[in-house]
Amino acid sequence: MLFMRLLLLLSSLCFAELKLVAVTDPYCHVCERWHEEVGQQYDVYMQSHNLPELVEVPQDSYSNRMWVYHRIGLLHALPTFIVMNDDEVLGSFEGYTVASEFIEEIEKVIN
């Protein structure tokens, strides 16, 4: 199961298009709030604001933590959001307050 999740994650990041990687943790209350307010309806935001596809990487497994460490490095806060093109990090931001500021942060990175 874990291997399949990681394989799916890796294959979704192999295409040459922008991805928004959301690094979260199931025990993080801010991550949980982000997921409830934005994550569950990100497809709507993605289409209405022309945002990159979302790939969520929960830090509840060793393989996910190693994937983040090898591609992004050490994290200083959760949630952390990284805009990537293939394996290249284009920009990132940490934390979550409200949906409108979250969208603005993504747009700053991609524009």
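The report below moves from the overall fold to the sheet and then to individual side chains.

**Overall fold**

The model discussed here is a predicted one, and its chain has five helices and four strands. Followed along the sequence, these elements come in the pattern α-β-α-α-β-α-β-β-α. Of the 111 residues of the chain, 38% count as buried. Among contacts between residues at least 6 apart in sequence, 64% join residues that are at least 24 apart.

**The sheet and the helix across it**

The four strands form an open sheet with mixed pairing, and their order across the sheet is β2-β1-β3-β4. Strands β2 (53–58) and β4 (88–94) are the edge strands, each of them pairing on one side only. On average, neighbouring strands of this sheet are turned by 25° against each other, with direction ignored. Strand β1 (residues 18–24) runs parallel to β2 and is joined to β2 by six bridges; within the sheet, Leu20 stands opposite Leu54 in β2. Helix α5 (residues 99–110) lies across β1, β3 and β4, and runs at about 150° to β4.

**Aromatic pairs**

A search of the whole structure finds six aromatic pairs, and two of them are set out in the table.

| Ring pair | Distance between centres | Angle between planes | Class |
|---|---|---|---|
| Trp34 and Phe81 | 5.2 Å | 55° | tilted |
| Tyr96 and Phe102 | 6.2 Å | 70° | edge-to-face |

The class of each pair follows from the angle between the ring planes, because planes over 60 degrees apart count as edge-to-face, those under 30 degrees as stacked, and the rest as tilted. With its planes at 55°, the pair of Trp34 and Phe81 is therefore tilted, whereas the pair of Tyr96 and Phe102, with its planes at 70°, is edge-to-face.

Trp34 belongs to helix α2 (residues 29–37) and Phe81 to strand β3 (residues 80–85), so their pair ties together parts that are 47 residues apart in sequence. Trp34 and Phe81 are both buried, and Tyr96 and Phe102 are buried as well. Ring pairs link Trp34, Phe81, Phe93, Tyr96 and Phe102 into a cluster.

**Thr80 in strand β3**

Thr80 has its place in strand β3 and, at 4% relative accessibility, counts as buried. A polar atom of the Thr80 side chain lies 2.4 Å from the backbone oxygen of Ala77. When residues up to four places away in sequence are not counted, Thr80 touches Val21, Ala22, Val23, Leu75, Phe93 and Glu94. One of these contacts, Phe93, is also a member of the aromatic cluster.

**Cysteines**

How many disulfides does the structure hold? The number is zero. Cys28 has a relative accessible area of 13% and is therefore buried, and Cys31, with a relative accessible area of 2%, is buried too. Both assignments rest on the cut-off for burial, because a residue counts as buried when its relative accessible area is under 20%.

**Drawing the parts together**

The sheet, with its order β2-β1-β3-β4, has helix α5 lying across β1, β3 and β4. Strand β3 carries Phe81, which pairs with Trp34 of helix α2, and strand β3 is also the place of Thr80, a residue that touches Val21, Ala22 and Val23 among others.

Terms used: Residues numbered from 1 in each chain as written. Predicted model: local features only at pLDDT ≥ 70, side-chain atom pairs only at ≥ 80, totals over all residues. Heavy atoms only, no water. Phe/Tyr/Trp six-rings, centres within 6.5 Å; stacked < 30°, edge-to-face > 60°. Helix = DSSP H or I, 4+ residues; strand = E, 2+ residues; numbered from the N terminus. Buried < 20%, exposed > 50% of the residue type's maximum accessible area, 1.4 Å probe, protein only. Pairing = 2+ DSSP bridges. Axes fitted to C-alpha atoms, helices over the stretch in contact; angles between N-to-C directions. Contact = heavy atoms within 4.5 Å. Disulfide = S-S within 2.5 Å. Polar contact = N/O pair within 3.5 Å; in protein donor to acceptor, adjacent residues only side chain to side chain.
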